[in-house]
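Thank you all for coming.

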Amino acid sequence: MKATVYVTIKQNVLDPQGTAVQGALHSMGFAEVDKVRIGKYLELTLDTDDRAEAEQRVRAMCEKLLANTVVEDYSFELEG
Amino acid sequence: MKFAVIVFPGSNCDIDCFKAVEETIGQSVDYVWHTATDLSGYDAILVPGGFSYGDYLRCGAIARFAPVMSEVVKAAEAGKFVLGICNGFQILTEAGLLPGALLRNRDLKFLCHQSPLEVVNAATPFTNQYTQGEVISIPIAHGEGNYYCDDETLERLKANNQIVFRYANDENPNGSLHDIAGICNERGNVVGMMPHPERAVDQLLGSEDGKRMFTSILNAWREQHGAAVNS
């Protein structure tokens, strides 16, 4: 089974990288860009067929290690 | 008094911390590898700066699960002195020993220069040789020192006098919330700070204002163990 995990900085927390990229896009003429948020994309292959168990385990991985829930949100999708 | 300097793969201020203890207060100090499982023989634990585990994923995220960290938590719970400097501060927040998190610097740059700090709380075991409100000069060297916590946590930090150092003279180098440079836990025996006192122990290094952090720790330990104890 494959898990795709997205980790993003919480909406109320400043994302200096996103702000810098927004500035670059503006200076290139992409004036329509309102806001840029940069996050992480992780692909995990899991040695299991049990979807319910995988969901529970990936959630635990996110809570414990993959995201710092003080400043980050996470979401994930399971495939296969 | 016995000090441990924790060494993770990627630590790079461990030698500075070790030498600072030796040269400022001449106490016993050991390097302790991240795989160690017993810190019971130590009175103070220094978690040094660097790039533990390459800072992969997030600064301190992987180091926080090193075997030695459960011992650091135990030492903190036992009331021993735990000081996290720079990457050490990041590790202590990831481990939940200190509230909040350290984000990328506001201007995305790695900053490496002397920084004036206000001693906001001179009553901790780490700062008792300073005066409240005193401004000292300690170097910073970090890319991710932008302290963040939610409003509720900030109010709690203020109410409990847990803000130990703030960037002074209106010079907030990294965008840190409330100009915070260092904080302690509620009990006051765990401190985390982004600036490097171990790099400010001799005028040749540009400042010796960091010395008193080490003399403070020894002083606090002696007070705890009776003034007659000399080592």
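Let me begin with a working definition: when I say that one residue packs against or touches another, I mean that heavy atoms of the two lie within 4.5 Å. Please also keep in mind that this is a predicted model.

With that in place, let us look at helix α4 of chain B, residues 151-159, whose buried residues are T153(B), L154(B) and L157(B). Looking down the axis of α4(B), one finds these buried residues within an arc of 100°, so they line one face of the helix. What do the buried residues of α4(B) pack against? They pack against three strands of chain B, namely β8 (146-148), β9 (163-167) and β10 (180-184). On the face of α4(B) turned away from that buried side we find the exposed residues D151(B), E152(B) and A159(B).

Just after α4(B) comes N161(B), which takes a positive phi of about 60°, and the backbone oxygen of N161(B) is reached, at 2.7 Å, by the side chain of N121(B). N121(B) itself sits in the loop between β6 (111-119) and β7 (135-142) of chain B. Is N121(B) buried or exposed? N121(B) counts as buried, because its relative accessibility is 6%, and the cut-off for buried is under 20%. If we leave aside the neighbours within four places in sequence, N121(B) is in contact with T127(B), Q132(B), N161(B), I163(B) and V164(B).

Let me turn now to helix α2 of chain B, where the buried residues are V68(B), M69(B), E71(B), V72(B), A75(B) and A76(B). Viewed down the axis of α2(B), these buried residues fall within an arc of 155°, so they too line one face of their helix. The cover over the buried residues of α2(B) includes β1 (2-7), β2 (28-33), β3, β4, α3 and β11 (190-193) of chain B. The face of α2(B) turned away from the buried side carries the exposed residues K74(B) and E77(B), and α2(B) is followed by G79(B), with a positive phi near 90°.

As a general point, most residues other than glycine have a negative phi. Against that background, D55(B) has a positive phi, near 55°, without being a glycine. D55(B) is found in the loop between β3 (44-47) and α2 (67-77) of chain B, and it counts as buried because its relative accessibility is 15%. C86(B) also has a positive phi, of about 60°, although it is not a glycine. The place of C86(B) is in the loop between β4 (81-85) and α3 of chain B, and C86(B) is buried, with a relative accessible area of 6%.

Moving on into helix α3 of chain B, residues 87-94, we come to T93(B), which counts as buried at 9% relative accessibility. A polar atom of the side chain of T93(B) lies 2.8 Å from the backbone oxygen of Q90(B). Not counting residues up to four places away in sequence, T93(B) touches L98(B), P99(B), G100(B), A101(B) and L102(B).

Finally, the interface. Between the chains, 16 residues of chain A are in contact with 14 residues of chain B, and the area buried is about 1,300 Å², of which carbon and sulfur atoms give 69%. P16(A), L65(A) and N68(A) supply 35% of the area that chain A buries against chain B, which is more than any other three residues. How many salt bridges are there between chain A and chain B? The count is one, and R58(B) forms a salt bridge with E72(A), with the closest N and O atoms 3.6 Å apart. On the side of chain A that touches chain B, α1 (16-27), β2 (39-45) and α2 (51-66) of chain A each supply at least two residues, and the residues of that side divide into ten nonpolar, three polar and three charged.

How values were computed: Residues numbered from 1 in each chain as written. Chains lettered and ligands numbered in written order. Predicted model: local features only at pLDDT ≥ 70, side-chain atom pairs only at ≥ 80, totals over all residues. Heavy atoms only, no water. Helix = DSSP H or I, 4+ residues; strand = E, 2+ residues; numbered from the N terminus. Buried < 20%, exposed > 50% of the residue type's maximum accessible area, 1.4 Å probe, protein only. Polar contact = N/O pair within 3.5 Å; in protein donor to acceptor, adjacent residues only side chain to side chain. Arc of directions from axis to C-beta. Buried area = accessible area lost by both parts, 1.4 Å probe. Salt bridge = Lys/Arg side-chain N within 4 Å of Asp/Glu carboxyl O. Nonpolar A, V, L, I, M, F, W, Y, C, P; charged D, E, K, R; others polar.
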